[in-house]
Amino acid sequence: MNIIKVAQGIITVLLSGIVLVLLGVFFIPQCMGFQPYNIQTASMTPKYPVGSMIYVKKAALEDLEVGDVITYRTSSEGGWVVTHRLTQVDKQTGTLVTKGDANNTEDGSISYSAVIGKATNFAIPFLGTLVTQYQNSYGKVITVTCIVVLLALSFIIDLFAKKKE
């Protein structure tokens, strides 16, 4: 009987942990206007290591300054999403120039319209890699399977507990 309660407690803690992590990492920041992005290259090391998750929030052109880190699209048709540091800001023309901290040369100029937002100084190492793995079909299947197995175990343990009573 004591083992059953311990097992149910562990399962409850695991399920609660999964929900809290999802809320803390995705839902709450998005409610505050932040979008999570995964750092996929070493161009911004050591500030943002490969595999880190960063948070980006919309910013007006007037609020952007040289030295800020921004996330932008390389093309109006989608293109790559890049996170680099501003090296030049022309607020009259809305033209920006960026450079990755680990890169030797500046990128070409971009228009403010390509900017997704300004990156925060906060990054969670390795979480971006986990999210990328989750986003493929195997990651979703594994996540759903784990949750279903935990719920099924909880149900089975509860059945055994009721039979013993």
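How many bridges join β3 to β4? Six bridges join these strands, which run antiparallel. The model is predicted: local features need pLDDT of at least 70, side-chain atom pairs count only at pLDDT 80 or more, and totals for chains, interfaces and linings use all residues. Residues are numbered from 1 along each chain as its sequence is written, and side-chain values use heavy atoms, with hydrogens and water left out.

**The sheet**

- Seven strands make an open sheet in the order β1-β2-β7-β3-β4-β5-β6, with antiparallel pairing.
- The edge strands, each pairing on one side only, are β1 (34-38) and β6 (109-111).
- From one strand to the next, the twist averages 50 degrees.
- Strands (E, at least two residues) and helices (H or I, at least four) are DSSP runs, numbered from the N terminus.
- Two strands count as paired if DSSP finds at least two bridges between them.
- Strands of a sheet pair through backbone hydrogen bonds, either parallel or antiparallel.

**Strand pairs and hairpins**

- Three bridges pair β3 (residues 69-75) with β7 (residues 115-124) in the antiparallel sense.
- Tyr72 has Val115 in β7 as its bridge partner.
- β3 also forms a hairpin with β4, with two residues between them.
- Arg73 has its bridge partner in β4, namely Val81.
- β4 and β5 (residues 95-99) run antiparallel and are joined by five bridges.
- Asp90 stands opposite Thr95 in β5.
- Four residues lie between β4 and β5 in their hairpin, and Gly94 in the turn has a positive phi of about 75 degrees.

**Helix on the sheet**

- Helix α1 (residues 2-31) lies across β1 and β2 (53-57).
- α1 runs at about 140 degrees to β1.
- Axes are lines fitted to C-alpha atoms, for helices over the stretch in contact (heavy atoms within 4.5 Å). Angles run from 0 to 180 degrees between N-to-C directions.

**The largest pocket**

- The largest pocket holds about 580 Å³ of space.
- A pocket is an open set of points on a 1 Å grid over the protein atoms alone where a 1.4 Å probe fits, with protein on both sides within 12 Å along at least five of seven lines; lining residues have an atom within 4 Å of a point. Its volume is the space filled by probe spheres set on the points, which are joined across faces, edges and corners.
- Of its 22 lining residues, the closest to the centre are Leu22, Phe26, Leu130, Val131 and Tyr134.
- α1, β1, α2 (127-135) and α3 (137-164) each supply at least two lining residues.
- α2 gives the largest share, seven residues.
- The lining has 15 nonpolar, seven polar and no charged residues. Nonpolar covers Ala, Val, Leu, Ile, Met, Phe, Trp, Tyr, Cys and Pro; charged covers Asp, Glu, Lys and Arg; the others, Gly among them, are polar.

**The second largest pocket**

- The second largest pocket has a volume of about 340 Å³.
- Its lining includes Tyr37, Asn38, Trp80 and His84.
- β1 and β4 (78-90) are the elements that give two or more residues to this lining.
- β4 gives the most, with five residues.
- This lining has six nonpolar, six polar and no charged residues.

**Salt bridges**

- The count comes to two salt bridges (a side-chain nitrogen of Lys or Arg within 4 Å of a carboxyl oxygen of Asp or Glu).
- One of them joins the side chains of Asp68 and Lys118, at 3.5 Å from N to O.
- This pair links distant parts of the chain: Asp68 is in the loop between β2 and β3, and Lys118 is in β7, 50 residues apart.
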